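User: I'd like to learn how to read aromatic contacts and nonpolar cores in a model. Could you walk me through a case?

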Amino acid sequence: MATAPALDFNRRRDWKAAFRAMRLLIADPNDTAQVFKIMQALNAGVTARNYNRLLQTAEGGRIAYARVELVDTFMDPNFLRRFAPGTVGAAYRAFLEKTGFSAAGLKEVGEQVHGAVFLEHPYAWFGRRERDIHDIWHVLTGYQADDPLGELCLVAFSYAQTRGLGWGFIAAMGALKNLREPHGRLVARAVWEGYTHGKQAAWLHGEDIETLFAEPLDAARARLNIAEPVHYRRLKQMDTAPSALTATASV
């Protein structure tokens, strides 16, 4: 009989594995499994720390107690249909329709790395929650998921929000890689802007998803102090195509 893998959220960082996965990601930016491997190698202790931070927020205790599996919620078309035009939920619904992405797609890629064993542990649940809200952050920040620069900027934003070194590693390597490309300094500036916006914004992990989805998108951005991505949009208007590394939403 197979047994579940041991939980080890305090393991040491594995830089060798991180660089090996990064080389593969650079060779094939669509190989999203390498992103999960980088997180596994470098984000030691992050899930536990952020779960405990969740418990200190106003709604965190209730959210943690309910322990909703968001991938199941997001795959329910009846759930997504209930949100009125102009809301965060409607914007997320449009995002899925436009990109063809899904929470189930991220789950599938994650299981290729971590295994398909479902762990009944608070830290494991929080890790799944972080995976499943990635695309919501695309909607809230305005960083598009269907272009490499948008992904890279959201990676930097995610590093500021989570303090997960894996996110920071991908953001730094992507920015450095683009310095050799046309408009490379502008790309680096956009990535840095993503980081500063993530640092200035409210801590998004503490948001109740159903309540957030019912809120008007512009009002939610204002309440959460999510600034306009000025440098990112400027580059998009220039119609540049930086070869930035992609991240977990490219599924």
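Analyst: Let's go from the overall fold to the core and then to the rings. This is a predicted model, where local features need pLDDT of at least 70, side-chain atom pairs count only at pLDDT 80 or more, and totals for chains, interfaces and linings use all residues. Residues are numbered from 1 along each chain as its sequence is written, and side-chain values use heavy atoms, leaving out hydrogens and water.

User: How many helices and strands does the protein have?

Analyst: Helices (H or I, at least four residues) and strands (E, at least two) are DSSP runs, numbered from the N terminus. Here you get 16 helices and zero strands.

User: Which residues have the most contacts inside the largest nonpolar core?

Analyst: A core is a set of buried (under 20% relative accessible area, 1.4 Å probe, protein chains only) Ala, Val, Leu, Ile, Met, Phe, Trp, Tyr and Cys residues joined through side-chain atoms within 4.5 Å. The largest has 57 residues, and Ile38, Phe74, Tyr92, Ile136, Leu140 and Phe213 have the most contacts inside it. Helix α11 (residues 148-162) gives the most, nine residues. A second, separate core of seven residues includes Trp125 and Trp203.

User: And why is the pair Phe79 and Phe83 edge-to-face?

Analyst: Rings of Phe, Tyr and Trp (its six-membered ring) pair if their centres lie within 6.5 Å; planes under 30 degrees apart are stacked, over 60 edge-to-face, the rest tilted. The structure holds 20 such pairs. Phe79 and Phe83 have ring centres 5.1 Å apart and planes at 75°, so they are edge-to-face.

Notes: Buried < 20%, exposed > 50% of the residue type's maximum accessible area, 1.4 Å probe, protein only.
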